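Here is a briefing on one protein chain. Keep the structure open beside the text and find each element as you read.

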Amino acid sequence: MASVPPVSRYPARAPEAPGLPARRAALRLLDAVLRRGDPLEIALHGASQGIVDRADRALVHAIAAETLRHLPDLDALIDSATRNRLPDDAKARMVLRLALVQTLVLGTPPHAAIATALPLVDGGPRKLVHGVFGTLMRGTATLPETPTLLPEVAARWAEQWGDAMPDEAAKAFVVRPPVDLSLRNVSETAMWAEKLGGVSLAPGHVRLPDHDAITALPGFDDGAWWVQDLAASIPARLLGNGAGRSVLDLCAAPGGKTMQLAAAGWAVTALDQSAKRLTRLSDNLSRVDLSAKVVTADLRNWTPEAPADAVLLDAPCSATGIYRRHPDVLHRIGPRQIAELAELQTALLNRAADWVKPGGMLVYATCSLEQAEGEEQITRFLRKTPYFTIVPPEADQLPSGIVATPEGWVRTLPATLAETGGTDGFFIVRMVRA
């Protein structure tokens with residue numbers, strides 16, 4: 001007699017409705033950023049485990065990123081429709097944020113947004129979510145055209161840069177950044193600008209309107225260019241032509257500055273402590289047919305064999321300057337993190353200074369909008385290290401529309417080049433060793 005397989009005591013779980021796994025992943029992703037302080041791009045991999053469709057993974061990222069971008073205004077809507085304010089970490093509030101951002105920002109029909117939101121909550125909160133969402137949809141719920149910055153961020157930036165800066169930052173928050181390309185061959189600037197339908201703001205640069213299919217553009221497979229924000233290209237520009245001289249590119253991954261320096265004739269040693277990111281750097285070098293010595297090491301425990309003609313330190317920082325592309329940084333970074341990173345930058349800057357030959361150049365840069373990681377850092381460094389002095393950039397070393405400050409360094413802010421798409425927020429200074 002054939003044996004009969006035992007019947008499981010637990011019924012098979014019904015398959016989830018279409019679109020629900022992506023919303024569940026977005027909820028996990030937001031929790032990782034807001035509760036644990038994980039970077040959005042890193043947390044995305046773990047949160048979207050099991051989601052193989054590229055479009056669904058993109059939806060997970062879009063829901064979470066737009067929720068973070070509009071969080072204060074989403075919460076204001078939710079609070080306007082509840083008698084008692086929901087705790088910030090309440091699951092009902094998190095799910096309402098997801099449902100509202102889909103409808104008001106991403107264009108999801110309300111019935112679809114709520115259908116994939118309700119299964120994310122159980123019991124009484126489900127009724128609450130349904131009621132609040134319905135109330136807002138029956139009314140005239142909208143989000144302001146310019147997002148409201150987190151109050152603590154707006155206050156911090158106003159103190160450093162003046163009252164107008166937070167408004168400028170908020171306006172830049174919703175402008176999708178253009179695509180900036182750095183060219184391997186500077187002499188081909190006009191040709192590539194015409195071929196790609198872009199504009200050039202500096203030799204070796206082309207700016208395109210936002211473009212989703214970057215790898216399909218002419219020149220990508222041939223290694224004629226790579227994507228690099230215009231402001232991020234300035235540190236290497238300040239070192240000029242290498243003519244076979246040596247340069248240390250510290251904290252180099254993913255390699256935009258390394259490729260710039262190699263293309264300008266420098267003998268480059270590119271160092272980073274992340275082996276994974278250096279693999280990407282090596283892949284990028286291979287695609288554009290350029291070479292550099294690649295070293296995996298912690299800058300705090302590494303010493304070069306000999307001093308270099310130039311050192312470029314793109315120091316680890318708060319990354320508040322790239323908030324347009326990475327809205328999570330405004331939620332993860334506060335005064336404590338900024339102070340800790342400034343302390344690290346001081347240590348790295350002091351080490352890097354020792355590796356510059358007499359008469360050589362030291363370029364320090366951070367993609368930060370915090371003066372503690374830029375202006376204050378260098379003012380303190382020069383006071384303690386008098387044998388370094390600032391060398392202001394020549395006009396032809398800077399992109400059109402960007403100028404040096406009276407102190408001789410370069411600072412880009414949310415209003416910089418706003419009329420042509422803006423730039424990331426950067427601090428850059430070039431110094432010479434006596």
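In helix H12, the buried residues are Gly 256, Lys 257, Thr 258, Met 259, Gln 260, Leu 261 and Ala 262. That makes seven of the eight residues in H12, which spans residues 256-263, so the helix is mostly covered. The model is a predicted one.

**Around helix H12**

- What do the buried residues of H12 pack against? Their partners include three helices and strands that you can look up in turn: helix H11 (234-237), helix H13 (275-287) and strand E4 (246-250) are among them.
- The peptide bond from Ala 253 to Pro 254 is cis. Its omega is near 10°.
- Gly 265 follows H12. The phi of Gly 265 is positive, near 95°.

**Two exposed residues with positive phi**

- Ala 243 sits in the loop between H11 and E4. Its phi is positive, about 50°, although Ala 243 is not a glycine.
- Is Ala 243 buried or exposed? With a relative accessibility of 65%, Ala 243 counts as exposed.
- Asp 289 is found in the loop between H13 and E6. Asp 289 is not a glycine either, yet its phi is positive, near 60°.
- Asp 289 has a relative accessible area of 65%, so Asp 289 is exposed.

**The open sheet of E2, E1 and E3**

- Three strands form an open sheet in the order E2-E1-E3. Their pairing is antiparallel.
- Which strands stand at the edges? Strand E2 (205-208) and strand E3 (225-227) do. Each has a single partner strand, so one side of each lacks a neighbour in the sheet.
- On average, neighbouring strands here are turned by 30° against each other, with direction ignored.
- Look at the pair of strand E1 (residues 179-183) and E3: three bridges join these antiparallel strands.

**Strand E8 and two of its partners**

- Strand E8 covers residues 356-366, and six bridges join it to strand E7 (residues 308-314). E7 and E8 run parallel.
- Where does Ala 310 stand? Ala 310 is opposite Met 361 in E8.
- E8 also pairs with strand E11 (residues 426-433). This pairing is antiparallel and has six bridges.
- In that pairing, Leu 362 faces Met 431 in E11 as its opposite residue.

**Helices H2 and H3**

- Two packed helices are described by the angle between their axes and the distance between the axes.
- Helix H2 (residues 40-47) and helix H3 (residues 54-69) have axes that come within 11 Å. The axes cross at roughly 135°.
- The crossing of H2 past H3 is right-handed.
- H2 makes the contact through Leu 40, Glu 41, Leu 44 and His 45. H3 contributes Arg 57, Val 60, His 61, Ala 64, Ala 65 and Leu 68.
- Sorted by class, this contact of H2 with H3 has six nonpolar, two polar and two charged residues.

**Two threonines in loops**

- Thr 108 lies in the loop between helix H5 (91-104) and helix H6 (110-115).
- Is Thr 108 buried or exposed? Its relative accessible area is 15%, so Thr 108 is buried.
- Neighbours within four places in sequence set aside, Thr 108 is in contact with Arg 23, Gln 102, Thr 103 and Ala 113.
- Thr 303 belongs to the loop between strand E6 (293-296) and E7. Thr 303 has 54% relative accessibility, so Thr 303 counts as exposed.
- Which residues does Thr 303 contact, leaving aside its neighbours within four places in sequence? They are Arg 351 and Trp 355.
- Thr 303 and Ala 352 are 49 residues apart along the chain. Their C-alpha atoms are separated by 9.2 Å.

Definitions and conventions
Residues numbered from 1 in each chain as written. Predicted model: local features only at pLDDT ≥ 70, side-chain atom pairs only at ≥ 80, totals over all residues. Heavy atoms only, no water. Pairing = 2+ DSSP bridges. Helix = DSSP H or I, 4+ residues; strand = E, 2+ residues; numbered from the N terminus. Axes fitted to C-alpha atoms, helices over the stretch in contact; angles between N-to-C directions. Left-handed = near helix turned anticlockwise from the far one by under 90°. Contact = heavy atoms within 4.5 Å. Nonpolar A, V, L, I, M, F, W, Y, C, P; charged D, E, K, R; others polar. Buried < 20%, exposed > 50% of the residue type's maximum accessible area, 1.4 Å probe, protein only.
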